[in-house]
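Please walk me through this model in the viewer, one selection at a time, and tell me what each selection shows.

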Amino acid sequence: MMLRKAKTAILAAAITGLALAATPAKAEFINILTGGTSGIYYPIGVALSKVYGDNIKGARTQVQATKASVENLNLLQQGRGELGISLGDSVKLAWEGDADAGFKAPLNKLRGIAAIYPNYVQIVASKSSGITSLDQLKGKGLSVGAAKSGTELNARAILGAAGMSYKDLGKTEYLPYAESVELMKNRQLDATLQSAGLGVASLKDLSASMEVSMVAVPPDVVKKLGAPYVPGTIPAGTYQGQTKDVPTAAIVNFLITHSEVSDETAYQMTKLLWENLAALRSAHKAAEAIKFENALQGMPVPLHPGAEKFYREKGLIK
């Protein structure tokens, strides 16, 4: 009787072992927070999603279209995403807990992965509006991006440095890129301010559909803004009908994660980013500006330990 019980116990243990062996390891879920589908964050996020899905064993990836920088950072703090793209000034304000920028308290769980490409503040007006300079936006209709998005924070800063505010505008629209362009096409809006990489799809569409003027952000305004803004140039030919270089303000984008993401996952996300730049550059030309030597430049939050491990291995951190 005891022998039979022992055999039964051994058999049960063997079956349990086989069942456990047949059960796959817990899948790693990586939700990548981007921006509107007509911007640049989205195709970059899609490219990263494929890279991670193909190369991180057991990973399940997803790309989430959002209102971009500010929303991405708040979602990361809440653990509702594993990787997000955000403008540098938004990251800095999130870490500080700037309520006016959309952060009710300091987002202390944010951790850095890498500095990537710069955004350029691109102000485009319809030719018929007669707007050719910042001061001529007074009394006109301008879309400044989704409310409390990174773009909208840029719009407030740019107008402020130029001695203006939304009160000086004839109409202020808080709309994502594609919706802003549609209003301009329908002659319901004079101009749009979009903070994005060069050659953003929304402005390519607009310039191909109607005559437009690129509005410069002069060097003295950029100087007044100060860090993290730096002078930038929108090269001639970036958009249809643009015959001259246009000076403007630029600001670096960052890949951000949070402290509850495992060190191994953060390490793999960092490593695979730098090993697959060709895939990102195929997704959008703006990714050509992503340089390894600039990976830590101006990082507004602490690095994730997993990312730090990778950069130490590569000698970027001594």
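The model is predicted, and the residue numbers used here run from 1 along the chain as its sequence is written.

**The largest pocket**

Begin by selecting G35, G36, A68, P176 and Y177, which are the closest to the centre of the largest pocket among the 27 residues that line it. The space in this pocket comes to about 350 Å³. Next, colour helix 2 (41-55), strand 4 (110-126), helix 5 (150-161), helix 6 (177-185) and strand 7 (191-196), each of which supplies at least two residues of the lining. Helix 6 gives the largest share, with three residues. If the lining is then coloured by class, it divides into eleven nonpolar, 14 polar and two charged residues.

**The second largest pocket**

Move on to L198, G199, T238, K285 and A286, which lie nearest the centre of the second largest pocket, a pocket lined by 15 residues. About 280 Å³ of space lies here. Strand 4 provides the largest share of this lining, three residues, and by class the lining holds seven nonpolar, five polar and three charged residues.

**The largest nonpolar core**

Now select L48, Y52, L73, I256, W274 and Y311, the residues that touch the most other members of the largest nonpolar core, which has 98 residues. The largest share of this core, ten residues, comes from strand 4. Centre the view on Y311 and show what surrounds this residue: leaving aside residues up to four places away in sequence, Y311 touches I113, A114, T270, W274, F292, A295, L296, L303, L316 and I317.

The structure holds six aromatic pairs. In one of them, the ring centres of Y267 and F310 are 6.1 Å apart and the planes stand at 75°, so the pair is edge-to-face. Because Y267 lies in helix 9 (residues 263-275) and F310 in helix 11 (residues 305-313), this pair ties together parts that are 43 residues apart in sequence. Both Y267 and F310 are buried.

Which of the two is buried, and which partly exposed? W274 has a relative accessibility of 11% and therefore counts as buried, while F292, at 26%, counts as partly exposed.

**Two backbone positions**

Most residues other than glycine have a negative phi. Return to A68, which is not a glycine and yet has a positive phi of about 80°. A68 sits in the loop between strand 2 (59-64) and helix 3 (69-77), and because its relative accessibility is 15%, under the 20% limit, A68 counts as buried. A68 is also one of the residues closest to the centre of the largest pocket.

Finish at K148, where phi is near 55°, again a positive value in a residue other than glycine. K148 is found in the loop between strand 5 (141-143) and helix 5, and with a relative accessible area of 38% K148 is partly exposed.

Terms used
Predicted model: local features only at pLDDT ≥ 70, side-chain atom pairs only at ≥ 80, totals over all residues. Heavy atoms only, no water. 1 Å grid on protein atoms, 1.4 Å probe; cavity = no way out; pocket = protein on both sides within 12 Å on 5 of 7 lines; lining within 4 Å. Points joined across faces, edges and corners; volume = space filled by probe spheres on them. Helix = DSSP H or I, 4+ residues; strand = E, 2+ residues; numbered from the N terminus. Nonpolar A, V, L, I, M, F, W, Y, C, P; charged D, E, K, R; others polar. Core = buried A, V, L, I, M, F, W, Y, C linked by side-chain atoms within 4.5 Å. Buried < 20%, exposed > 50% of the residue type's maximum accessible area, 1.4 Å probe, protein only. Contact = heavy atoms within 4.5 Å. Phe/Tyr/Trp six-rings, centres within 6.5 Å; stacked < 30°, edge-to-face > 60°.
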